[in-house]
Each structure stands twice: as C-alpha cells, then as structure tokens.
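Thanks, everyone. I will go through one model today, starting with a few residues and ending with the cores and a pocket.

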Amino acid sequence: MTGKRILVGEIGRPHGVRGLVKLRSFTADPEAIASYGPLTDEAGTRRIALTVLADGLGRIEGVADRDAAARLTGTRLYVERDRLPPPEEEEYYLADLVGLAAATEAGQPLGTVRAVEDHGAGAFLVLDGPPERMLPFTRAVVPVVDIAGGRLVVALPDEVVVQPQPGDAEDAA
C-alpha cells in the first residue's frame with residue numbers, strides 16, 4: 001500500500017505565546033507521532049516537522065508565536081503508510097478498511113466502506129449502500145476482515161428504534 005497516507009494526529013489549540021500547540025496523537029504511543037519522519041497536512045502539500053514535549057504539547061518548526069500556532073489549529077497530520085510498523089494480527093489501520101467491499105454472512109452485498117469515523121466512542125464504518133449505513137466496527141458486527149481479499153463480512157445488528165417519549169416534542173421546540 002505504498003503511497004497511501006495515514007492520519008496520525010491533529011494540531012490543537014495554541015498553548016502560551018511562544019508557538020507551542022496542544023497535540024492529539026492517534027498513534028499507539030502518543031509520543032511516537034514525531035518519530036515517523038516528516039508529517040504532512042491533509043493535502044500533502046505542507047511538511048510539518050514536530051517535536052513532542054511533555055503534557056501533550058508540541059513545537060512545530062518555524063512556528064514561534066501564538067498567532068502562527070493558532071492558524072494551524074485543526075490541521076490533520078499524515079504520514080506515508082510505509083513509514084508505519086505493520087499492524088499486528090487482528091489489528092488494522094482504519095485507513096486500510098476504506099474501499100473494502102462489505103457483504104452479509106450470506107453474501108448479500110451491502111456496499112463499500114466509504115469512510116471510517118471515530119468520535120471517541122469507537123470506530124464506525126460508513127458503507128455507501130444503498131442505503132448508506134453506519135455500523136460499529138466491532139467483532140460482533142464485523143466478524144471477518146480480509147484486507148488482502150478486499151472484503152469484510154458484516155453481521156447486521158437488529159435495528160434500534162428509539163420511540164419518542166412524552167415531552168420530547170416540547171423539548172425539541
């Protein structure tokens with residue numbers, strides 16, 4: 001998978017007046033984010049040299065004041081896939097799941113993994129459908145992941161329908 005870039009972190013808000021930033025590292029060892037070589041922004045056009053400091057802080061080469069640091073807030077940090085260690089057995093880089101064909105255990109096609117989202121409560125696979133589906137990336141829902149074969153098997157969970165409760169309509173108004 002040479003040439004594929006992996007999201008490894010994000011630049012947070014400025015810290016202090018000398019250009020330091022808060023870092024969100026998505027690597028197994030948060031301090032290892034800077035050890036994979038030059039990082040780039042999402043477009044791959046800006047090279048970002050990073051030094052990791054204590055307490056989740058970082059120093060970015062060429063950034064010496066709060067205003068310059070503030071302009072980088074929210075910048076996602078990427079590294080070339082081949083610079084990362086290979087995942088262990090039964091582990092996956094979430095980016096490697098994008099593009100896999102999804103089907104039920106009976107072989108019914110469900111679509112292709114369009115994206116993997118993680119908002120803090122665990123990863124979800126977004127299948128392009130139709131219909132578009134968002135499924136938790138758990139062993140119960142995705143018992144088979146075959147990266148080499150370009151597919152995964154999905155055990156569709158029962159739909160969860162939350163019935164409106166008395167007072168919900170008034171709360172929404």
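A term before the residues: buried means under 20% relative accessible area, exposed means over 50%, and partly exposed is in between, with a 1.4 Å probe and protein chains only. This is a predicted model, where local features need pLDDT of at least 70, side-chain atom pairs count only at pLDDT 80 or more, and totals for chains, interfaces and linings use all residues. Residues are numbered from 1 along each chain as its sequence is written, and side-chain values use heavy atoms, with hydrogens and water left out.

I start with glutamate 10. Its relative accessible area is 19%, so glutamate 10 is buried. Glutamate 10 belongs to strand S1, residues 5-15. For the element names, helices are DSSP runs of H or I with at least four residues, strands are DSSP runs of E with at least two, and the numbering goes from the N terminus. What does glutamate 10 contact, leaving aside neighbours within four places in sequence? With contact taken as heavy atoms within 4.5 Å, the list is Lys22, Leu23, Arg24, Phe26, Gly74, Thr75, Arg76 and Leu77. For one of these, phenylalanine 26, the C-alpha separation from glutamate 10 is 8.2 Å, at 16 residues apart along the chain.

Next, lysine 4 and arginine 81. Lysine 4 sits in the segment before S1, and arginine 81 in the loop between strand S7 (76-80) and strand S8 (101-104). They are 77 residues apart along the chain, and their C-alpha atoms are separated by 5.4 Å. Buried, exposed or partly exposed: which is lysine 4? Its relative accessibility is 26%, so lysine 4 counts as partly exposed. Arginine 81 has 13% and therefore counts as buried.

On polar contacts, the criterion is a pair of N or O atoms within 3.5 Å; within protein, one must be able to donate a hydrogen and the other to accept it, and residues adjacent in sequence count only if both atoms are side-chain atoms. The side chain of arginine 81 has such a contact with the side chain of aspartate 96, at 3.0 Å. The side chain of lysine 4 reaches the backbone oxygen of alanine 95, at 3.0 Å. Not counting residues up to four places away in sequence, lysine 4 touches Val79, Glu80, Arg81, Ala95, Asp96 and Val98.

Two residues for anyone checking backbone torsions. Most residues other than glycine have a negative phi. Aspartate 55, in the loop between strand S5 (50-52) and strand S6 (57-60), has a positive phi near 60 degrees. Glutamate 90, in the loop between S7 and S8, has a positive phi of about 70 degrees. Aspartate 55 has a relative accessible area of 69%, so it is exposed. Glutamate 90, at 48%, therefore counts as partly exposed.

Now the cores. A nonpolar core here is a set of buried Ala, Val, Leu, Ile, Met, Phe, Trp, Tyr and Cys residues joined through side-chain atoms within 4.5 Å. The largest has 20 residues, and those with the most contacts inside it are Val8, Ile11, Leu39, Leu50, Ile60, Leu77 and Leu84. S1, strand S2 (20-25), helix H1 (66-71) and S7 each give two or more residues to this core. S1 has the largest share, 3 residues. A second, separate core has 13 residues, including Leu100, Leu135, Val141 and Val154.

Threonine 104, in strand S8, touches Val154 as well as Leu110, Val153 and Leu156, leaving aside neighbours within four places in sequence. At 13% relative accessible area, threonine 104 is therefore buried.

Last, the largest pocket. On a 1 Å grid over the protein atoms alone, a pocket is an open set of points where a 1.4 Å probe fits, with protein on both sides within 12 Å along at least five of seven lines, and lining residues have an atom within 4 Å of a point. Grid points are joined across faces, edges and corners, and the volume is the space filled by probe spheres set on the points. The largest pocket holds about 1,200 Å³ of space. Its lining has 37 residues, with Leu7, Phe26, Tyr93, Leu94 and Ala95 nearest the centre. S1, S7 and strand S9 (109-118) give two or more residues to this lining, and S1 gives the most, with 5 residues.
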